[in-house]
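User: Could we go through the aromatic pairs and the helix packing in this model?

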Amino acid sequence: MGKVYVFDHPLIQHKLTFIRDKNTGTKEFRELVDEVSTLMAFEITRELPLEDIEVDTPVSKANAKTLTGKKLGIVPILRAGLGMVDGILKLIPAAKVGHVGLYRDPETLKPIEYYVKLPSDVEERDFILVDPMLATGGSAVEAINSLKKRGAKNITFMCLVACPEGVEAIQAEHPDVDIYIAALDEKLNEKGYIVPGLGDAGDRLFGTK
């Protein structure tokens with residue numbers, strides 16, 4: 001079963017408070033999501049493999065560490081996931097970025113894939129799939145399906161706010177996927193919104209209603 005990590009870092013929790021606040025405007029909301037994404041990326045990359053190298057300092061030679069060159073990919077679920085990409089790229093600028101677009105069928109309410117564009121070397125990359133919210137889990141599950149159908153082997157899901165229903169949905173369908181979240185909230189309401197949540201992340205990021 002994939003692990004679930006809930007970040008308790010004070011900076012993440014502090015900034016998340018203002019992300020939740022309904023009085024936070026679009027500009028500040030966007031900046032805060034970017035900042036929290038960077039902080040979460042710092043934690044999510046903790047296990048990246050290192051190798052030993054020797055470098056010349058101004059004083060002498062030094063035995064030092066460098067990343068092994070493991071290939072990473074960042075994949076936002078459109079559209080709200082776009083708000084998290086730049087924050088991650090600040091720490092991992094060499095990562096390639098793919099995209100997965102899903103819409104909800106008005107009759108079945110099931111997520112339908114309408115756009116997928118991934119790096120050409122899918123099988124060689126570890127992917128971080130990002131979306132600010134994990135509500136019912138339907139979109140996340142389908143996005144993971146989209147990646148796996150194209151050869152992705154190692155996928156991690158990262159979001160700001162999740163609820164138990166969404167976490168359970170991913171674990172049931174994709175027990176090999178680890179989940180990284182800034183907060184695990186109480187529940188879903190009858191409209192499918194996370195409670196207390198932060199509202200519609202896409203609308204708040206892009207100023208739409």
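This is a predicted model: local features need pLDDT of at least 70, side-chain atom pairs count only at pLDDT 80 or more; totals for chains, interfaces and linings use all residues.

Analyst: Residues are numbered from 1 along each chain as its sequence is written, and side-chain values use heavy atoms, with hydrogens and water left out.

User: How many aromatic pairs are there?

Analyst: The count comes to 3 aromatic pairs. Rings of Phe, Tyr and Trp (its six-membered ring) pair if their centres lie within 6.5 Å; planes under 30 degrees apart count as stacked, over 60 as edge-to-face and the rest as tilted. One of the pairs is Tyr5 with Tyr180, which is stacked at 4.5 Å centre to centre with 10° between the planes.

User: Where do Tyr5 and Tyr180 lie in the chain?

Analyst: Tyr5 is in strand 1 (residues 4-6) and Tyr180 is in strand 11 (residues 178-184), 175 residues apart. Helices (H or I, at least four residues) and strands (E, at least two) are DSSP runs, numbered from the N terminus.

User: Is Tyr180 buried or exposed?

Analyst: Tyr180 counts as buried because its relative accessibility is 10%, whereas Tyr5, at 29%, counts as partly exposed. Buried means under 20% relative accessible area, exposed over 50%, and partly exposed in between (1.4 Å probe, protein chains only).

User: Which residues form a cluster through ring pairs?

Analyst: Tyr5, Phe7 and Tyr180 are linked into a cluster.

User: Turning to helices, at what angle do helix 2 and helix 3 pack?

Analyst: Helix 2 (residues 26-44) and helix 3 (residues 82-89) pack at about 50°, with their axes 7 Å apart. Axes are lines fitted to C-alpha atoms, for helices over the stretch in contact, and angles run from 0 to 180 degrees between N-to-C directions. The two helices are therefore oblique to each other; angles under 35 degrees count as roughly parallel, over 145 as roughly antiparallel, 65 to 115 as roughly perpendicular and the rest as oblique.

User: And which residues of helix 2 and helix 3 meet?

Analyst: Val33, Asp34, Ser37, Thr38 and Ala41 in helix 2 meet Gly83, Met84, Asp86, Gly87 and Ile88 in helix 3, where contact means heavy atoms within 4.5 Å.

User: How far apart are the axes of helix 4 and helix 5?

Analyst: The axes of helix 4 (residues 138-149) and helix 5 (residues 164-173) are 8 Å apart, at an angle of about 30°. Helix 4 is therefore roughly parallel to helix 5. Ala140, Val141 and Ile144 of helix 4 make the contact with Ala169, Ile170 and Glu173 of helix 5.
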